[in-house]
Amino acid sequence: MAGFLQQVFEGISSGALYAGLALALVLIYRFTGIVNFAQGELAMFSAFLAWQFMQHGFPFWLSLIATLIVSFIGGMLIERVIIRPVEGAPELTLVIVTVGLFFFINAAAGWIWSFQVKSFPNPFPEGALRAGGVTAGYGNLGVLAVVGVVMGLLYLLFRYTKIGLAMRAVACNPQSARLVGIRVGTVLSLGWGLAALVGAVSGVLSAPLLFLEPTMMGGVLIYAFAAATLGGFDSPGGAVAGGLIVGIAETLTGAYVDVIGTELKIGVPLVIILGVLLVRPQGLFGRAVVERV
């Protein structure tokens, strides 16, 4: 039983990282209706920025704060310069734009920092807590704490601030929001900036576990897509729940299904995506879209 609980805890720790990136995907989709295939690369680029700040002598947490600020501004600029000119274009055009952004950011990171693997310092102390036969590393607990704080701050933002209320209004109905005086364009830019900030947290927390290199977030992005699909692309809370479920499913499958093991765990999120699309396309917490003819 202790071994099973240990695997569940490890899955929750991994799922928290997937949930962070999935939440960034959901935020952009809710505001613009765009599935951002470049979200993982934006998170990777943010991790490189944090590493660069630390190379210049900044402590980790100050580097993280500076990275979040730069990522937020960068997300807003991407919306203004790249996304807004194609606003209202066919869905295939939007997909091509985000895929092109994926390759551009990946190549830019390789050109600036090279494609060699770099080590990234872990901000959390070594050691672990042990209770009931379960070992909880300080690193895993730290990741859960940081992701939990981010989720809590987002909830407070959307629930109790005027900016959050405006963002919710734009996400529900941009036309009506514009009629009541909300500057929809500004809110969309803020949404992209906020998504880039949340993705940056996921990228910086993933870097010590994956090592820092331009392709490091490719696998995480697949898990994040599975989390967002499972929870529902229009449900931020669903993205978090989906991330935790995907993390637990991946860990338990790799530990107890001999055919899969650690080598084929990447197939788990793909199976989840396919299963959800076939059975409940809107996800567990999403809303089905009803069109009247």
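Going from the N terminus, the elements run α-α-α-α-β-β-α-α-α-α-α-α-α, with helices (H or I, at least four residues) and strands (E, at least two) taken as DSSP runs and numbered from the N terminus. That comes to eleven helices and two strands. The radius of gyration is 19 Å, close to the 19 Å that the globule rule gives for 293 residues, so the protein is as compact as a globular protein of that length; the radius is taken over C-alpha atoms, and the rule is 2.2 Å times the number of residues to the power 0.38.

This is a predicted model, in which local features need pLDDT of at least 70 and side-chain atom pairs count only at pLDDT 80 or more, while totals for chains, interfaces and linings use all residues. Residues are numbered from 1 along each chain as its sequence is written, and side-chain values use heavy atoms, leaving out hydrogens and water.

Now to the helix packing. Helix 2 (residues 39-55) and helix 3 (residues 60-83) have axes that come within 9 Å and cross at roughly 140 degrees. Axes here are lines fitted to C-alpha atoms, for helices over the stretch in contact, with angles from 0 to 180 degrees between N-to-C directions. Contact itself means heavy atoms within 4.5 Å. On the helix 2 side, the residues that meet helix 3 include Leu42, Leu49 and Phe53, and their counterparts in helix 3 include Phe60, Val70 and Ile78.

Helix 3 also pairs with helix 8 (residues 184-210), the axes coming within 7 Å and crossing at roughly 140 degrees.
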